[in-house]
Amino acid sequence: MTFSIEYASPRHSDIKNLLLSSHQLMKDLYPEEANSYLSISELCSSNIHFLGARQNKNYYGCGALDVKPDYGELKSFFVEPSVRGNGIATLIMQEILLITKKLNLKILKLETGVGLDSALSLYEKFEFEYCEPFGNYIENGYSIFMKKEIS
């Protein structure tokens, strides 16, 4: 399967469905106060670089870079379960890292959840390191925080 990674709209019907599936998964796994996903309208703001993984006319994965004053944050990273294992997450991550570097951001950070082992494996593969909570996050027993220095 060949996928292209491109800038995309969070409002595209395929992507909206991916995001809503991701949001529902987070609601099923964690209490509301532990969920920190961005709404679709928040993902359309000017500080967000939003990417979709497309094959033909359909999107099967997405991820976003939220540009902060002194770092980037990975957000809304999700791949349709039926196509996982085809390298889509790796392609999205590689493109986000390229954009992070082009923007001269020195650190990429993320917050993920306990039990999301596939996500943790991907982040470890890309040499993210565990870190303390950052930004507005607090330790809650459900969140895992990671960072990667960009050179």
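User: Which residue stands opposite Glu73 in β5?

Analyst: Lys109 does. This is a predicted model, in which local features need pLDDT of at least 70 and side-chain atom pairs count only at pLDDT 80 or more, while totals for chains, interfaces and linings use all residues. Residues are numbered from 1 along each chain as its sequence is written, and side-chain values use heavy atoms, leaving out hydrogens and water.

User: What makes strand β4 and strand β5 a pair?

Analyst: Two strands pair if DSSP finds at least two bridges between them. Strand β4 (residues 72–79) and strand β5 (residues 107–113) have 3 bridges, in the parallel sense, so the pair meets that condition. Strands are DSSP runs of E with at least two residues, helices are runs of H or I with at least four, and both are numbered from the N terminus.

User: How do you know that helix α1 packs on the sheet?

Analyst: Contact means heavy atoms within 4.5 Å. Helix α1 (residues 13–29) touches β2 (48–55), β3 (58–67) and β4. The direction of α1 makes about 70° with that of β3; axes are lines fitted to C-alpha atoms, for helices over the stretch in contact, and angles run from 0 to 180 degrees between N-to-C directions.

User: What is the strand order of the open sheet, and which are the edge strands?

Analyst: The order of the 7 strands is β1-β2-β3-β4-β5-β7-β6, and the pairing is mixed. The edge strands are β1 (4–7) and β6 (129–130), each of which pairs on one side only.

User: How many bridges join β2 to β3, and how many join β3 and β4?

Analyst: β2 and β3 are antiparallel and joined by 8 bridges, with Gly52 and Cys62 as bridge partners. Their hairpin has 2 residues between the strands, and Asn56 there takes a positive phi near 55°. β3 and β4 are also antiparallel, over 6 bridges; Gly61 has Val79 as its bridge partner in β4, and this hairpin has 4 residues between the strands.

User: Why is β3 called largely enclosed?

Analyst: Of its 10 residues, 7 are buried, so β3 is largely enclosed by the rest of the structure. Buried means under 20% relative accessible area, exposed over 50%, and partly exposed in between (1.4 Å probe, protein chains only).

User: Why does Ser76 count as buried?

Analyst: Ser76, in strand β4, has 15% relative accessibility, so it counts as buried. Not counting residues up to four places away in sequence, Ser76 touches Leu19, Leu43, Phe50, Cys62, Gly63 and Ala64.

User: Why is Ala53 called buried?

Analyst: Ala53 lies in strand β2, and its relative accessible area is 0%, so Ala53 is buried. Beyond four places in sequence, its contacts are Ser4, Ile5, Asn58, Tyr59, Tyr60, Gly61, Ile88 and Ile92.

User: What makes the contact of Glu6 and Arg54 a salt bridge?

Analyst: A salt bridge is a side-chain nitrogen of Lys or Arg within 4 Å of a carboxyl oxygen of Asp or Glu. The N to O distance for Glu6 and Arg54 is 2.8 Å, so the pair qualifies. Glu6 in strand β1 and Arg54 in strand β2 are 48 residues apart, so the pair links distant parts of the chain. Both ends count as partly exposed: Glu6 at 22% relative accessibility and Arg54 at 27%.

User: How many salt bridges does a search of the whole structure find?

Analyst: The search finds 3. Asp66 and Lys68 meet at 3.2 Å, N to O; Asp66 is buried at 5% relative accessibility, whereas Lys68 is partly exposed at 26%. Glu73 and Lys75 form a salt bridge with closest N and O atoms 3.7 Å apart, and both residues are buried.

User: What volume does the largest pocket have, and what makes it a pocket?

Analyst: Its volume is about 880 Å³, meaning the space filled by probe spheres set on grid points joined across faces, edges and corners. On a 1 Å grid over the protein atoms alone, a pocket is an open set of points with protein on both sides within 12 Å along at least five of seven lines, whereas a cavity is a set where a 1.4 Å probe fits but cannot get out; lining residues have an atom within 4 Å of a point.

User: Which residues lie nearest the centre of the largest pocket, and which element supplies the largest share of its lining?

Analyst: Of 39 lining residues, Phe77, Phe78, Leu116, Ala119 and Tyr123 lie nearest the centre. β4 supplies the largest share of the lining, 7 residues. At least two lining residues come from each of α1, β4, α2 (88–102), β5 and α3 (117–125).
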